[in-house]
Amino acid sequence: MEASWLESRWARPLYLAFVFGLALGLLQVIKLYLRRQRLRRDLRPFPAPPAHWFLGHRKLLQEDKMEKLEEIVEKYPCAFPCWVGPFQAFLFIYDPDYAKAFLNREDPKSQYPYKFMTPCLGIQGKGLLNLNGPKWFQHRRLLTPVLHCDILKTYVKVMAHSVSTMLDKWEKICGTQDATMEVFEHINLMALDIIMRCVFSKETNCQINSTYDPYIKASSEIGEIIFYRLYNFWHLHDIIFKFSPEGHRFQELSKVLHQFTEKVIQDRKKSLEAGMQQDNTRKKPQDLLDIVLCAQAESEDSFSDADVQAEVSTFMLLGHDASAASLSWLLYCLALSPEHQERCREEIRSILKDGSSVSWDQLDEMPYTTMCIKEMFRLIPPVPSISRELSKPLTFPDGRLLPAGMTVVLSIWGLHHNPAFWKSPKVFDPLRFTKENSDQRHPYAYLPFSAGPRHCVGQQFAMLELKVAIALILLRFQVAPDLTRPLSFSNHIILKPKHGIHLHLKKLPGC
């Protein structure tokens, strides 16, 4: 009798819970099925490469061979749908007319991958990278003057000093003999040194001591995890990712990045407070961190503590990452093309002589070197893609339509290797960027810094840093590739060399 009483007491609630759970599960399955059908319907006008029914194009996208993407660009003109698992799809585009229609709008950044990057930029804050709407416009308007020409002119000597520090290290390693060296590690530290000294006015000596080594390692590994998550269907879900081994590691690395950026912010706050106590006046803001902290002091509604950390993290992490990758690819391209390297060296030597002093005006007198830099950005764009989520329907020039809510990825790599607009796209040819050739080209066929309202705010800074660095390097060293160590790409948000870049360095006489 007692057992029967217990069964009757507990069986009904358990039965109801089971039925409720089953109904929720069934509703979720129906929801996912309808989502898949809607995506298939919306993307039907765009042919696509064969995809696995469950994994989608994951294998294609996670391979490190960019040649696969080039084959797709040639086979599927304009665009192709990319499936990430059975219930998520993006539209990859790489046609200039498509890019123009896409970029001349004010669509918000897509949640993939920018949502995944938010935790490593700040706990709750958002920076230029992942902000949208009026707040993005407010931050952009406030920070743009930091990278104005008049400010950039003052950075030339600072950049030259950081580059010279790296080259002095190379000379010590090489000695009197030619040497083979992995240069990406050195360039990475040099780029971080430049960002810290120019944008944050902070002396780090990171090229000499190992203080920032944990930051460098954490920033590299966290990029790998973000890209891995982007094309892994299961890890698109926050809860599943959080409890995965990659999720745990991501949280650990984010803490490392936060500790370094927080120290930069706190050191500056103490410095500003000490200056206020001495003369009881607030000095004119000198750099990005000054501007952000002054804006916060005037109104915390404009910049919370989390927002300050997010902006500092954005410039530290992506600024130095993209600069390091750009200079590494430029050096690699010139190592593979000795005739272009020598022509750049002759041009630089005729202007800078021995390189003992470098000025803004001198850097503006190097047209051939500038063309080589632009061709590097075409051949190996450090930022291979950008994405947006459509806030309203988008009609492309050929009449094909995408509804609101769809994620569109502009493949800058695909755009720059599109054989319909670039003759022999795999060949490094700086003459593509003569004035005559540039004028004849579609204005949206070359977009290394994006275009439209959200083009890269650091474009001029990046070009300046590349000119200073490559000029001083070529005056002191001749570079050649180590053909025993072929290059492979590592898919991050920033395109990097997977196993570094190994070059033969030859010290030039008289330098």
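**Figure 1. Overall size of the protein chain.** A compact globule of 511 residues would have a radius of gyration near 24 Å, and the protein chain agrees with 26 Å. This radius is taken over C-alpha atoms, and the globule rule is 2.2 Å times the number of residues to the power 0.38. The model is predicted: local features need pLDDT of at least 70, side-chain atom pairs count only at pLDDT 80 or more, and totals for chains, interfaces and linings use all residues. Residues are numbered from 1 along each chain as its sequence is written, and side-chain values use heavy atoms, with hydrogens and water left out. Along its principal axes, the C-alpha trace spans about 100 × 65 × 45 Å. The protein chain has 20 helices and 11 strands. These are DSSP runs numbered from the N terminus (helices: H or I, at least four residues; strands: E, at least two). Of the 511 residues, 52% count as buried. Buried means under 20% relative accessible area, exposed over 50%, and partly exposed in between (1.4 Å probe, protein chains only).

**Figure 2. Confidence along the protein chain.** The mean pLDDT is 88, and 93% of residues reach 70 or more. pLDDT is the predictor's confidence in each residue, from 0 to 100. Confidence is lowest in helix H2 (residues 58–62), at a mean of 72. Helix H17 (residues 367–379) has the highest, at 98. Where pLDDT is low, the predicted coordinates should not be read in detail.

Figure 3. In S7 (residues 407–411), 5 of 5 residues are buried. Thr 407, Val 409 and Ser 411 point one way, while Val 408 and Leu 410 point the other way. In a regular strand the side chains alternate between the two faces of the sheet. S7 pairs with strand S2 (residues 89–93) in the parallel sense over 4 bridges. Strands count as paired if DSSP finds at least two bridges between them. Phe 90 stands opposite Thr 407, and Phe 92 has Val 409 as its bridge partner. Strand S4 (residues 385–389) runs antiparallel to S7, joined by 5 bridges. Here Ser 385 stands opposite Ser 411.

Figure 4. S1 pairs with S2 in the antiparallel sense over 5 bridges. Trp 83 stands opposite Ala 89.

**Figure 5. The buried side of helix H4.** Pro 96, Tyr 98, Ala 99, Phe 102 and Leu 103 are the buried residues of H4 (residues 96–103). They lie on the same side of H4 because they cover an arc of only 155° around the axis. The arc is that of the directions from the helix axis to the C-beta atoms. These buried residues pack against several elements, including S2, S4, S7 and helix H18 (412–416). At the start of H4, a side-chain oxygen of Asp 95 reaches to within 2.9 Å of the backbone nitrogen of Asp 97.

**Figure 6. Two loop residues with positive phi.** Cys 78 is found in the loop between helix H3 (67–75) and S1. Its phi is about 80°, although Cys 78 is not a glycine. Cys 78 counts as buried, at 18% relative accessibility. Lys 353 lies in the loop between helix H15 (338–352) and helix H16 (360–363). Phi of Lys 353 is near 60°. Lys 353 counts as exposed, at 56% relative accessibility.

Technical notes:
Contact means heavy atoms within 4.5 Å. A polar contact is a pair of N or O atoms within 3.5 Å; within protein, one must be able to donate a hydrogen and the other to accept it, and residues adjacent in sequence count only if both atoms are side-chain atoms.
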